[in-house]
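Here is a friendly note to read beside the sequence and the model. Please keep both open as you go through the points.

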Amino acid sequence: MPERAVLLLDRHWHDRMIDPGDEWDETIQRELREADVIIILASVAALSTDYITEHEIPKALELHAARESIVVPIVLESCRWDKTALGSLNALPEKAKPLNKWKPPSDGWHTVANGLAQVLEKLMKQGHKRAAQTSPVSGVEDER
């Protein structure tokens with residue numbers, strides 16, 4: 001994988017990074033808007049969470065449709081992810097086989113890693129938000 005693709009991984013975010021006192025909805029929506037790649041971890045628990053199904057997934061798909069982000073579902077366990085709005089997307093691991101069904105599990109994670117590497121390489125070729133802000137020589141990200 002090219003060095004710049006690895007540098008794109010430097011910035012990651014998840015909702016456990018919301019500080020006490022922060023407005024969680026505003027923070028989540030901002031982070032979704034700023035993301036180049038939005039990974040949706042598909043599980044029974046996630047798809048049973050109203051906030052995820054009514055706010056996070058629709059916003060992610062809106063950004064995906066506008067080509068502002070790429071949404072990648074990762075299927076953790078058998079669930080009805082394909083019957084949701086995510087169903088039109090190609091999911092990881094390979095053939096959307098749930099990660100908990102892979103023997104050994106590392107084989108499933110290997111296909112996830114390869115799929116995400118393809119996404120990052122695609123972003124670099126397209127000059128996406130973060131890829132465009134990474135210096136090709138030094139790999140130092142510009143300040144926002």
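The points below go from the overall layout to particular residues.

1. **What you are looking at.** This is a predicted model, in which local features need pLDDT of at least 70 and side-chain atom pairs count only at pLDDT 80 or more, while totals for chains, interfaces and linings use all residues. Residues are numbered from 1 along each chain as its sequence is written, and side-chain values use heavy atoms, with hydrogens and water left out.

2. **The layout.** The protein has six helices and two strands. Both kinds of element are DSSP runs numbered from the N terminus (helices are H or I with at least four residues, strands are E with at least two). Along the sequence, the pattern reads α-α-β-α-α-β-α-α. Of the 144 residues, 40% count as buried; buried means under 20% relative accessible area, exposed over 50%, and partly exposed in between (1.4 Å probe, protein chains only). A contact means heavy atoms within 4.5 Å. Among contacts with a separation of 6 or more, 58% come from residues 24 or more positions apart.

3. **The two strands.** β1 and β2 run parallel and are joined by six bridges; strands pair if DSSP finds at least two bridges between them. In this pairing, Ala42 stands opposite Val75 in β2. How many residues of β2 are buried? Six of the six are, so β2 is largely enclosed by the rest of the structure. Ile70, Val72 and Ile74 point one way from the strand, and Val71, Pro73 and Val75 point the other way.

4. **The largest core.** A nonpolar core is a set of buried Ala, Val, Leu, Ile, Met, Phe, Trp, Tyr and Cys residues joined through side-chain atoms within 4.5 Å. The largest one here has 23 residues, and those with the most contacts inside it are Ile38, Ile40, Ile57, Leu61, Val71, Trp81 and Leu86. At least two residues come from each of α2, β1 (37–42), α3 (44–47), α4 and β2 (70–75). The largest share, six residues, is supplied by α4. A second, separate core of nine residues includes Ile70, Ile74, Leu120 and Leu123. As background, nonpolar side chains in soluble globular proteins tend to be buried together.

5. Val71, in strand β2, is buried with a relative accessible area of 4%. Leaving out residues up to four places away in sequence, Val71 touches Ile38, Ile40, Ala60, Leu61, His64, Leu86 and Leu89. Val71 and Ile57 are 14 residues apart in sequence, and their C-alpha atoms are 9.1 Å apart in space.

6. **Helix α2.** Thr27, Ile28, Gln29, Glu31 and Leu32 are buried in α2, and the buried residues of this helix pack against β1 and α4. Thr27 has a relative accessible area of 7%. Beyond four places in sequence, Thr27 is in contact with Trp13, Ile18 and Asp22. Glu31 also counts as buried, at 11% relative accessibility, and touches Arg11 and Trp13, not counting residues up to four places away in sequence.

7. **The aromatic pair.** A search of the whole structure finds one aromatic pair. The ring centres of Trp24 and Tyr51 are 4.7 Å apart and the planes are at 65 degrees, so the pair is edge-to-face. Rings of Phe, Tyr and Trp (its six-membered ring) pair if their centres lie within 6.5 Å; planes under 30 degrees apart count as stacked, over 60 as edge-to-face and the rest as tilted. Trp24 lies in helix α2 (residues 24–34) and Tyr51 in helix α4 (residues 50–65), so the pair ties together parts that are 27 residues apart in sequence. Are the two partners buried or exposed? Trp24 is partly exposed at 48% relative accessibility, whereas Tyr51 is buried at 14%.

8. **A charge over a ring.** The charged end of Lys97 sits over the ring of Trp102, 4.7 Å from its centre. This label requires NZ of Lys or CZ of Arg within 6 Å of the ring centre and within 35 degrees of the ring normal.
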